[in-house]
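Hi,

Here is the structure for you to look over. My notes follow below it.

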Amino acid sequence: MEPVSKELVAASSRPMVLSILAGGESYGYEILQKVALLSNGQLAWSEGMLYPMLHRLEQDGLIAARWRTAQSGRRRKYYRLTGKGKRQLAQDRASWLAVHDALTQTWGLNHA
Amino acid sequence: MPELDAAIRTWRNDLARQDTLTRDDLDELEDHFRATYHELVETGIVPEQAIILARRALGEPQELATEFQKNDDPWWRRFVRLGWVMFAVSWALPVHTWGITIFDINLGEGVVPGVQAFLLALMGEAGVIGVLSALTNVAMLLTCWKPAARGRRGILRLTALIMGAALLNGSWLFQVDSLNELLVGYYVWWASFGAVASGLVLRARALSQRATPAVVQ
């Protein structure tokens, strides 16, 4: 299967991160691993894209970050969803489900 | 893991030279580098190869810096650009109601545009302060020379110079008999120094949070 286009990857990145963080706080590497796992490797995210995006979401107040000491004894930056982020996720979810429903119906009719 | 630590030190220095990333950014990326490395080693890849692959996965320093730069706060640039535009415009605006002119530009009776005020002041028509004030324009031109490429110290020196220039140029307010003698060009010119100084202060603040390359022994 062809990998998902860059445009679609970019468009889905915010709801994807917010959805992952809705399951609990996480850090960059783990988020990237979860994206790869959830999409069966179809969403090709790069590290260069991930961190600036996380920082942008943080600037926008959708997620919050704090440094904690990881098991390795090194500092690690953990991200969590904020109240504003939860509201944004609800909006994004409704929008994506609307798109999904419309496409599903269209393809359903075409196949009929 | 001395090889890993040495490789990460070199890699961090390469990133720090890009002048875009903060120390926290580097710490976060280093955490990612180490996590990638350990995962690769666990899958059976030899450490030397894992270092190369982990570095490759994160991308070239320049590419990473470019991505991070997209988030860079552009406010300092906006202030500096606004200052430059005001400065440039002020040269054509009426500045003063001196009756002396060097060449004939008719802006109204006795009204001197910025360019003439500069030449008159430089020639000593307004005394020593006038000459110094005219020379502050050179300081302003210095800010046009690659402000983004200057280090924090360079920016701070430039900020002090422009703030000093703004103070000196503000002294005209106390040297005229009436504030009505000073016209819109003067105020725009004076404010341009304030706008550029504000931009440079913001730039210096942003740079203080940036990472600096460490000395590799």
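Two residues are in contact if their C-beta atoms, placed from the backbone, lie within 7 Å. By that rule, the contact takes 16 residues from chain B and 14 residues from chain A. Three helices of chain B give two or more residues each to the side that touches chain A: H2 (23–42), H3 (47–58) and H4 (61–69). H2(B) has the largest share, seven residues. By class, that side of chain B has six nonpolar, four polar and six charged residues. (Ala, Val, Leu, Ile, Met, Phe, Trp, Tyr, Cys and Pro count as nonpolar, Asp, Glu, Lys and Arg as charged, the others, Gly among them, as polar.)

A word on provenance: this is a predicted model, where local features need pLDDT of at least 70, side-chain atom pairs count only at pLDDT 80 or more, and totals for chains, interfaces and linings use all residues. Residues are numbered from 1 along each chain as its sequence is written, with chains lettered from A and ligands numbered from 1 in the order in which they are written.

Helices (H or I, at least four residues) and strands (E, at least two) are DSSP runs, numbered from the N terminus.

Next, the sheet. Chain A has an open sheet of three strands, order S1-S3-S2, with antiparallel pairing. Pairing takes at least two DSSP bridges between two strands. The edge strands are S1 (26–27) and S2 (63–69) of chain A, and each pairs on one side only. S1(A) pairs with S3(A) (residues 75–81) over two bridges. Tyr27(A) stands opposite Tyr78(A) in S3(A).

Best wishes
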